[in-house]
Amino acid sequence: MPTAIEFNNISKIYRLGLVSTGTLSHDLKRWWTMNIRHQEDPYLTIGETNDRSTKGDSDYVWALKDIDFKVEQGDVVGIIGKNGAGKSTLLKILSRVTAPTTGTIRARGRIGSLLEVGTGFHPEMTGRENIYMNGAILGMTKQEITRKLDEIVDFSGCERYIDTPVKRYSSGMMVRLGFAVAAHLDPEILVVDEVLAVGDAEFQKKAIGKMQDVSRGEGRTVLFVSHNMASVQTLCARGILLANGTIKKIGTIGEVISEYLSTNAYISYDDIMDRFKGKQLPQAYFTKIDFTDVEGNVCKAAISGETLNIVIRYISNLRRPFHINIGIYNQAGEKILHLSSEYCLAEIDFQQQEGTFVFTYKKLPLPKGEYIINFTLWSGYERIDWVRDCVKLNVTEGDFYGNGKLPDSKENKVLTEYLCQQV
C-alpha cells in the first residue's frame with residue numbers, strides 16, 4: 001500500500017507564559033540568528049521535556065520531539081496517551097492549524113479534520129452555509145457538495161436547524177454536524193480528536209460505524225485520538241503511544257493499549273491518605289480500603305466465584321446523609337460494575353464520625369484479569385471525596401460454575417449464574 005502520511009523528525013517547541021521571548025534583546029537575537037545568519041533557533045537548545053506534572057528550569061518546552069512514523073493508505077491508527085502527551089498538537093500540525101518547529105510532513109490527498117467542537121465553522125453562518133464553506137476549503141465544487149448535502153444533513157440529525165446560525169447549536173449538535181461534514185466530503189485522510197466524547201451514545205456508535213466504512217469500504221486513512229480504549233480497540237488496527245511529546249511505542253493496537261495501561265493507568269499510593277499531602281481535608285473522606293476473603297483475611301488477589309469483601313473505612317464531619325459508590329473498570333477503561341450503598345442500605349448513621357462500609361460479593365462475578373476500582377463519597381449531588389485510578393484488584397481463575405469450565409474473558413466481561421435445561 002502507498003504511504004498516506006509521513007512524519008519526518010517533527011518537533012514543536014512552545015514558550016510558557018509569554019508569546020514572545022520576553023525581552024527585545026532576545027527577540028532581536030532570535031531574528032538575527034534565524035533570518036540573517038540562517039542558523040537554528042538558539043532557543044531550541046534549552047527546551048525541556050513536556051512533563052506538565054513537574055516544575056522545570058526552562059520556559060521552553062517540547063510539545064513534540066523527534067516524531068518519525070509512516071501511515072499507509074487505508075490504515076486506521078489510534079493515537080493514545082495521557083493528557084499533555086502531544087496528541088492534539090500532532091493532529092493540529094497535520095491539519096496545518098499550526099506549523100512544526102522542525103521537520104516535515106508529507107500527506108497524500110485532502111485532509112478532513114475534526115479537532116474540537118465547531119472546528120472550521122463560522123458562528124454567524126447557518127449549518128447549510130458552513131457545509132458549503134467547508135467543502136470549498138477541501139477543494140470541492142458546489143455541485144459535488146450539493147450531491148452530498150442530503151446525506152450529510154441526514155447523518156448529523158440536525159435537519160430542523162440546518163438553516164439556523166451554528167452559534168445557536170448545542171455542543172452536541174455542533175459535533176454531529178462537524179463530524180458529518182468531515183466524514184462525507186470525501187477527504188482522503190480523516191483526522192478525529194476526542195470531540196466524539198461530547199456526542200451521545202447513539203451518535204458515538206454511528207460515528208464509529210462511519211469511520212469503519214470510510215477506512216474499510218472506501219480505503220481512506222483515519223487518525224483517531226481518544227481516551228476511550230474500547231472505542232480505539234474496536235476501530236483501530238495499529239496504534240501509537242505518546243508520552244511527554246515523544247513516541248513511546250508503535251505497534252498493533254493491542255500491544256500499544258497494553259503498554260499504555262501498564263504504565264499510565266494507576267497512581268501509586270501506598271496509603272490513600274497520601275493524596276491529601278499539602279491539602280486541606282474534605283468534610284468526609286476515605287481513610288483505608290481493603291479486600292478480604294470469607295474469613296476476613298486481607299486478600300492479595302481475589303478468586304472468581306469466591307466471596308470477596310470490599311472494606312471501606314471513612315471519617316465524616318458532614319452531619320447529613322451521604323452514600324458511597326464503587327465503580328469497577330476493566331483494562332479497556334470500561335465501567336463493568338457499579339455498587340452503591342444507596343441501593344442496599346435503607347438508612348445509615350450519618351452522625352457517626354468514624355465508620356466502615358463493607359460491600360460483599362458472595363460469588364465474585366469477575367473473570368480472570370486486572371481491574372481498577374474507583375470510590376466516591378456523595379452527599380446529595382455533591383461529591384465530597386473521590387479515590388480514583390489507584391486501587392487495583394487482581395482476580396484469578398476460580399470454579400465459578402462448579403464444573404471446571406469458564407467462558408473466554410474477552411466474550412464475558414462479567415460472569416452470571418443462569419439455568420440451561422433440556423426439556
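These are my notebook entries on what I looked up in this structure.

**Ground rules.** I am working with a predicted model, in which local features need pLDDT of at least 70 and side-chain atom pairs count only at pLDDT 80 or more, while totals for chains, interfaces and linings use all residues. Residues are numbered from 1 along each chain as its sequence is written, and side-chain values use heavy atoms, with hydrogens and water left out.

**Confidence.** I began with pLDDT, the predictor's confidence in each residue, from 0 to 100, and noted a chain mean of 82, with 86% of the residues at 70 or more. Helices (H or I, at least four residues) and strands (E, at least two) are DSSP runs numbered from the N terminus; by that naming, confidence is highest in strand β13 (residues 308–316), at a mean of 94, and lowest in strand β2 (residues 48–49), at 46. Over residues 46–57 pLDDT stays under 50, and the model has 21 contacts there beyond four places in sequence, a contact being heavy atoms within 4.5 Å. Where pLDDT is low, the predicted coordinates should not be read in detail.

**Cysteines.** I looked for disulfides (pairs of cysteine sulfur atoms within 2.5 Å) and the structure holds zero. For accessibility I used relative accessible area, where buried means under 20%, exposed over 50% and partly exposed in between (1.4 Å probe, protein chains only). Cys 299 is buried at 18%, whereas Cys 420 is exposed at 73%.

**Helices α4 and α6.** At what angle do helix α4 and helix α6 pack? I noted about 140° between α4 (residues 142–156) and α6 (residues 201–217), with the axes 11 Å apart; axes are lines fitted to C-alpha atoms, for helices over the stretch in contact, and angles run from 0 to 180 degrees between N-to-C directions. That makes α4 oblique to α6, since angles under 35 degrees count as roughly parallel, over 145 as roughly antiparallel, 65 to 115 as roughly perpendicular and the rest as oblique. Glu 151, Asp 154 and Phe 155 in α4 meet Phe 203, Lys 206, Ala 207 and Lys 210 in α6.

**Lys 210.** I followed Lys 210, in helix α6, and found this residue buried, with a relative accessible area of 13%. Beyond four places in sequence, Lys 210 touches residues including Glu 151, Phe 155, Phe 179 and Glu 218.

**Positive phi.** Arg 96, not a glycine, has a positive phi of about 65°; Arg 96 lies in the loop between α2 (87–94) and β5 (102–107) and counts as exposed at 66%. Arg 319, also not a glycine, has a positive phi of about 60°; Arg 319 sits in the loop between β13 and β14 (323–329) and is partly exposed at 41%.
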